[in-house]
Amino acid sequence: MTVDKQPLQQLEQNDAFIQRHIGPDQIDKQAMLAALGVDTLAQLIDQTVPQSIRLKQPLTLGDSMTEQDALATLKKMAAKNKVFKSYLGMGYHNTITPNVILRNVLENPGWYTAYTPYQPEISQGRLEGLLNFQQMIMDLTGMDLANASLLDEATAAAEAMTLCKRSNRKKTNSFFVAEDVHPQTIDVIKTRAEYFGFDIVVGNPYQDLAKHEVFGVLLQYPTTEGDIGDISTVIQAAQQQKAMTVVAADIMSLVLLKSPGELGADVVIGSAQRFGVPMGYGGPHAAFFATRDKLKRSTPGRIIGVSKDTRGQLALRMAMQTREQHIRREKATSNICTAQALLANMAGFYAVYHGPVGLKTIATRIHRLTGILAAGLEAKGVERVNKQYFDTITLKTADQTEAIYQRALAEQVNLRKVGEDKISIALDETTTAEDVQQLWSIILGTDHGQQLTVWDQQLADQGLAGITSAYQRSDAILTHPVFNQHHSETEMLRYLKQLENKDISLTHSMIPLGSCTMKLNATAEMIPVTWPEFSQIHPFAPKDQTVGYQEMLQQLADWLIEMTGYDALSHQPNSGAQGEYAGLLAISAYHKANGNAHRNVCLIPSSAHGTNPASASMLGMDVVIVDCDDNGNVDLADLAAKAEKYADKLSCIMITYPSTHGVYEEGVQEICRIVHQYGGQVYLDGANLNAQVGLTSPGFIGADVSHLNLHKTFCIPHGGGGPGMGPIGVKAHLAPYLPNHAVNPVDEALGNNGAVSAAPFGSASILPISWVYIALMGTEGMCQATEVAILNANYITEQLSAHYPVLYRGSNGRVAHECIIDLRPIKAEIGISEEDVAKRLMDFGFHAPTMSFPVPGTLMIEPTESESKAELDRFIDAMITIRQEINKVAAGEWQADNNPLVNAPHTLADITDAEWNRPYSREEAVFPLNWLKQQKVWPTTNRIDNVYGDRNLVCSCPATDTYRTE
Ligand SMILES: *Cc1c(COP(=O)(O)O)cnc(C)c1O
């Protein structure tokens, strides 16, 4: 055909997104199918997915869009949001993300596509970033220890409440919450408390605390209205009755204020959002959690600790808490898995970039402008509620309240109405002198404001003293070298790059983590996240300013409902684990509404992810474990027996589909039937939805509720351990029990339902990622993605099965979207463990598959649809080479305690060491395959000693000179 005669339609399809998202092309697919002995993809799917659960109708997601069209459509939607200047405060503030951090971290796949640093030897960069975050939090809060992030301030407060209960011998179940804590925090606390059986007493801590016997107290510092009180008196009163005190603190104010640690707090929590992380209509942001040393073993979330590697060099890794859920399960201290690593890194870098002097300048400027604002208003006779303040003042505006509020809106300014007769104003890093003038004129009106519309130098010079010296901090903060070295942009850029270069992310190679679905996070999907129309909106902005968001949220919900076969969806949960919690909450509320509050037994198969039992116990449920059979399926006889035994008390079952063993259980509908028969509900963990979309669905299978890990199946990147989103889908009968929100209600129909997150739509600003993904893929693409995920997994399984035992397969010998290879026989016979294989893979430039979950001693491989055949083959080559190395150990050619596997990973320090007493060459150590000479990633530390680190828990930054000894 001549160039001139080609059909236009064909030419237009050239740059379809589907083929960019899906790794293998047509030729690759045919080759892979041939290797599997089938002719077509349809044939493979027929062999793999049980006929009984196959959808009868195709999805109705519409046609796939081009990247240009999808972004243009979303931009139009975004334009319906109104970006007003917000002074709403309540834990969310405007901030300036330093551009060097914006582009090189938030918008940089080297940072955002990394995984949680479970494999520390190739994660030292982000581990150092997170350690900086911990050090910064410890300094600012005055505490001994901090974790590397929780999901938001409200859930951090709830976690602190349960920590107080666990760590306190008092018999009482009452917890005191100061009435001037942010209202959304009180909402979330109340939700959590109900099923723990805690009584929440909300009151004035200065007057009411003594009247109650409580196990803990929560204070806000400064309060939600901006007041700085003498919290040390409350802390002392709490101590007298042996209650613990949690202080929810504003991170910027801590730069100037006496630290809660110094004032005697036991736990300090809060949000690090205003350290350079956009408000994003609610998130994602990192919450912090800091405690006393004596509480370190019961702190929730991930803690980065210092340990050493086999060369005795300092090296970082996640400390014991991290592995806690998988070990302690229903006895775990918390269900947190995915946290907010990327945002914690950003906040830490904000402090690194500004340093103690820069931060003081910022905090002082905010405070000075607040003082000037207050002075002007005071001079005009406006009464202020709080004498002491950092950046927030609350005014007694009486019958002028509504008029002022409306004047502000007319000038595109959001002020906070507190009740009917007060207005609260929170300034921030972006506030200028002109803004203060505008606020004067808004509040005073043109009549009174006239004199204040020009900058009054005398007023500015005087200001007002908002923080008496008794409340000012005198100790030094951020003295560690890392906070004092990288203040020029050049230095900062190089520091960020230097850290990034230590880590393996999807920019290097496939990350075949079973259950985690590390697929492509396309650039087009990421672009809208930092559009101001999405990123600069306060979560409590009036609804008529967020029309674009509502439209996007609704369309995304509709699409997700279509793919899951449910009837309703809540966007609120910030992670899979939070989704589990919200889903179980809906189940419990449903039972209660039907007069079945006593139903509290939760059946969980032994193969379940650790968050499942941990979430169930947060609802006060009794977890009963159901056995799995030799094929890894739920043992139906055991299930039936237990469902019957607990028939009166059965609340629900939590299952994962395809199972965590990576097979489509044939009996899944029977499981649903049995549980329903005994009055239970079915929670289907949606982490493996990547193996369902378009072929089957949880709703179709018969489940009642599921969470979806948008950071797995729907392309939100893992961020090195968060952010994530875990919306839940439910059948109609559970829809009335979805979470609402006390400050900014989601839906009138949800009435007084409690919140599970600080913001009504969770981390709303990353939802456009999933929106764009679905828009780009459409019905055809979403279905193909699932099919090719299955193809890729089966291809790997087929290629590796001659070399490693594959643990579980479905009835036709096929696996679902992932497979488990069993290293236990090899370990028993030859002494090489799954960990040795995982570490040796680093020498090939690969991140290990999921290790020892769900079966100890195994590796679970999930390639996803985004990896090409060439990449799969590289990984397969690496695995086969490793198997050959194992054979050499077996044959006695290499000693069991001196071979490339047990010595892995190999570093530059190893091969430049003058001494080399190993039975293999330096070249074999670092270039076991030829292509590595072109494509080498150097692990920066040798194998890290976990046990040493756990015994000697150090979670603060080491001094730089001890740090860089290499
Ligand atoms: C990832 C995962 C979870 C937890 O999700 P988070 O978002 O990390 O909280 C739960 N169940 C399974 C099977 C998972 O793979």
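Buried here means under 20% relative accessible area. The model shown in these views is predicted.

**View A. Trp 111 and Phe 349 form an aromatic pair.** Both Trp 111 and Phe 349 are buried. The structure as a whole holds 21 aromatic pairs. In this one the ring centres of Trp 111 and Phe 349 are 5.3 Å apart and the planes stand at 80°, so the pair is edge-to-face. Trp 111 belongs to helix H7 (residues 109–112) and Phe 349 to helix H15, so that distant parts of the chain, 238 residues apart, are linked.

**View B. Phe 196 and Phe 198 are stacked.** Their ring centres lie 5.3 Å apart with the planes at 20°, hence the stacked assignment. Phe 196 has 27% relative accessibility and counts as partly exposed, whereas Phe 198, at 11%, counts as buried.

**View C. An aromatic cluster contains Tyr 281, Trp 531, Phe 534, Tyr 549 and Phe 761.**

**View D. Two lysines lie over tyrosine faces.** Lys 308 sits over Tyr 948, 4.3 Å from the ring centre. Lys 417 sits over Tyr 405, at 4.2 Å from the ring centre.

**View E. Phe 714 is a member of the largest nonpolar core.** That core has 262 residues; those touching the most other members are Met 136, Phe 275, Leu 415, Ile 425, Met 563, Phe 714 and Ile 774. Helix H15 (residues 341–379) gives the most to this core, with 21 residues. Leaving aside residues up to four places away in sequence, the contacts of Phe 714 include Leu 560, Met 563, Leu 689, Val 693, Ile 769, Tyr 773, Ile 774 and Met 782, as well as Asn 709 and Ser 770. Another core, of 25 residues, lies apart from the largest one and includes Ala 582, Leu 585, Val 623 and Leu 738.

Key. Residues are numbered from 1 along each chain as its sequence is written. This is a predicted model: local features need pLDDT of at least 70, side-chain atom pairs count only at pLDDT 80 or more; totals for chains, interfaces and linings use all residues. Side-chain values use heavy atoms; hydrogens and water are left out. A nonpolar core is a set of buried Ala, Val, Leu, Ile, Met, Phe, Trp, Tyr and Cys residues joined through side-chain atoms within 4.5 Å. Buried means under 20% relative accessible area, exposed over 50%, partly exposed in between (1.4 Å probe, protein chains only). Helices (H or I, at least four residues) and strands (E, at least two) are DSSP runs, numbered from the N terminus. Contact means heavy atoms within 4.5 Å. Rings of Phe, Tyr and Trp (its six-membered ring) pair if their centres lie within 6.5 Å; planes under 30 degrees apart count as stacked, over 60 as edge-to-face and the rest as tilted. A charge sits over a ring if NZ of Lys or CZ of Arg is within 6 Å of the ring centre and within 35 degrees of the ring normal.
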